[in-house]
Amino acid sequence: SPPSSTVNPCHTYSAPGTYTVTLTTTTYCGPSTYSLQICITTPPAPGFTLDNASGCIPVAVTAANTTISLNNCTIATYLWTVTYTPGFCGTSSSWNFTNGITATSTNPSFVFNNPGTYTITLAVTNACGTFTTAKTVAVKKPPEVTLIPVLNFCGTVTITPAATVTACGTGVPTYSWTFAGGIPATSSNQNPGPVLFSVAGPHTISLAVTNECGTTNASQQFFIDTVTTADA
């Protein structure tokens, strides 16, 4: 750009780079010059990818830093943080860095131990300030299953088994009921309907619920007594 004769000039730089500013003064004793270098950079464009954005506990995740930052002025620094949102039957956060990684590493790795949604945030700082980007990881687990209690009976009885099921995942769970000594003996429905028991003795009701993370089994036992007839 052309020189300026202003005492305190203002100049706009339109492209990043290293520039030399020179001040020349002239007196009766002759000219004198003084120079300084200034560096113009651009804000970083933070970015990263994850090798695993969802899974079943424990979930191992590695981040690949794709941040674009011009390092001609100051080297960009990184800070990784994780926040937690309850979900998938999880109520508390449990995670840590792995492989000797720290919060300021370029490409960190994590392990998430409790189910829920974890938000990974990358903050990139250079001479222009701090800029962030974030991604989430869904951490799931096998279903939670509780059978509704069944009372003991006398004689032939028809019951309707039921259970409280929390999926703890994103897919639709499948059901497998088994009724020892019952008619029918099995069912794949969430609500199996009435089951007839007519033989005296102990009977076991079992339920296996499966999601993308595995199978949870629950069972309970009840008794059928014979009907006693008094004869005097």
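Leu-50 is in contact (heavy atoms within 4.5 Å) with Val-61, Thr-62, Ala-63, Ile-120, Lys-135, Thr-136 and Val-137, leaving aside neighbours within four places in sequence. The model is predicted: local features need pLDDT of at least 70, side-chain atom pairs count only at pLDDT 80 or more, and totals for chains, interfaces and linings use all residues. Residues are numbered from 1 along each chain as its sequence is written, and side-chain values use heavy atoms, with hydrogens and water left out.

Leu-50 belongs to the largest nonpolar core, which has 18 residues. Such a core is a set of buried Ala, Val, Leu, Ile, Met, Phe, Trp, Tyr and Cys residues joined through side-chain atoms within 4.5 Å. Buried means under 20% relative accessible area, exposed over 50%, and partly exposed in between (1.4 Å probe, protein chains only). Phe-48, Leu-50, Trp-80, Phe-110, Phe-112, Ile-120 and Val-137 touch the most other members. At least two residues of this core come from each of strands S3 (48–50), S5 (59–65), S6 (77–85), S8 (109–112), S9 (116–126) and S10. Strands (E, at least two residues) are DSSP runs, numbered from the N terminus. A second, separate core holds 16 residues, including Leu-147, Val-195, Ala-218 and Ile-224.

The whole structure contains 2 salt bridges (a side-chain nitrogen of Lys or Arg within 4 Å of a carboxyl oxygen of Asp or Glu). One joins Lys-140 and Glu-212 at 3.3 Å, N to O. These residues lie 72 residues apart, Lys-140 in strand S10 (129–140) and Glu-212 in the loop between strands S19 (201–211) and S20 (214–225). Lys-140 is buried at 9%; Glu-212 is partly exposed at 35%. Glu-144 and Lys-141 form a salt bridge at 2.9 Å, N to O. Glu-144 is partly exposed at 34%, whereas Lys-141 is buried at 19%.

How values were computed: Helix = DSSP H or I, 4+ residues; strand = E, 2+ residues; numbered from the N terminus.
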